[in-house]
Amino acid sequence: MIFDVGLVYHQDFSKYDFGEGQFFRGDRYLKAMDFFKRVGMLNQIRIFIPSYIDECGVLKVHSKGYLDQVKQLNITGGALSADTYVSPGMYDIARLFAGANVLAADLVITNKCQRCAVFGLGGHHAGADYGGGFCIINDIAIMIEIVKQKYNANRILVFDYDAHCGNGCQDIFHEDPSVLYIDFHQDPRTLYPGVGYVEDIGLGAGLGFTVNVPLPPGTTDKSFLKAVHEILVPLSMEYNPEIILAVGGIDAHFQDPLSRLNFSLKGYRLALDIISEISLIKTKGKFILIGSSGYNADIIPLGWHCLLSGVLQVKGKEMDKNEIIPEEPYSVTKSIEQIIGTIKNMLSPYWSCFKDKDKNRQQVFTPSG
């Protein structure tokens, strides 16, 4: 089955570039779109051109003081953090990314498209008054806040599978039960930003609505997908979301230079199949893919094609690629089992799917497509 899918894209995305010698280069967008065109993917989707989010939209998430700092750097250039240098005009492109996310949500919620993808930023490292990790503003959080207010949405599910914890999003929605943020990432003791432990499950009214699944270095598809089946699937089914966001890219791929996770393209595709099927069951297909991570320039076009194929639910070229990934150490497999058990125990006071020990067995979810 091929879904009615929109791809929100603007040629100016490529201006979001951290310069020669940096891992985040703007030509990733041009190369990916060229690849999509060459393999015929663009014949299966509709392309929509976004506009810039205005300052009022940015202020729904970020403080006035922080925004003033960013606007000054947007004129003069300068370091926002140790790893994020803002060149003149980059904040404007960040606003374009946020506008792209909002457009994607509008298209899906108003049924102009059943599903939508934005290979933009996915700025999950930016908090209300800070940036970093290549993120100037949090385009994901801005979109969520606008969706909550404009469409009175009360149950938004975020599946963040980026190799790095989405610390900015978690800080923003820490006390908010209208956002269930399920975050799979490399063990924070071994990777930026150094947060995202299993014990962090939210605060106040948001207790139980932040879920961190830290994966040890060396984790392969096997244990990643096991955790998806045992944590993401039951929570998603019980939460009964109105809309689902998948946030990430391919920086957990075994050939990516910035992480030590060992996912394959097929593993990514299987994970997207699962969340896509959940969206069909729970939201009538209201599903948005956001993100642009991946720091191996040779893998990005094929990897993003893999993700987009998952949104479309069609066979992609990545399924034909015979990747030889490192074997998962037994210690990693056992560690994942312990992590899953700890997460279930910690969340059992808040979620009925984890209260019954018989229900805590692995729940295998097989997509119908």
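Q: Which residues does Val 70 touch, not counting residues up to four places away in sequence?
A: Val 70 touches Leu 80, Tyr 91 and Ile 136, where contact means heavy atoms within 4.5 Å. This is a predicted model, in which local features need pLDDT of at least 70 and side-chain atom pairs count only at pLDDT 80 or more, while totals for chains, interfaces and linings use all residues. Residues are numbered from 1 along each chain as its sequence is written, and side-chain values use heavy atoms, with hydrogens and water left out.

Q: OK, and is Val 70 buried or exposed?
A: Val 70 counts as buried because its relative accessibility is 1%, and buried means under 20% relative accessible area, with a 1.4 Å probe and protein chains only.

Q: Which helix is Val 70 in?
A: Val 70 lies in helix H3, residues 64-76, a helix being a DSSP run of H or I with at least four residues, numbered from the N terminus.

Q: What do H3 and H4 bring together where they meet?
A: From H3 come Leu 67, Val 70, Lys 71 and Asn 74, which meet Met 90, Tyr 91 and Asp 92 in H4.

Q: Switching topic, where is Asp 221 found?
A: Asp 221 is found in helix H7, which covers residues 221-239.

Q: How far away is the nearest side chain of opposite charge?
A: That side chain is Lys 266, 8.8 Å away, and Asp 221 is buried yet has no salt bridge, meaning a side-chain nitrogen of Lys or Arg within 4 Å of a carboxyl oxygen of Asp or Glu.

Note on methods: Helix = DSSP H or I, 4+ residues; strand = E, 2+ residues; numbered from the N terminus. Buried < 20%, exposed > 50% of the residue type's maximum accessible area, 1.4 Å probe, protein only. Lys, Arg positive; Asp, Glu negative; His and termini not counted.
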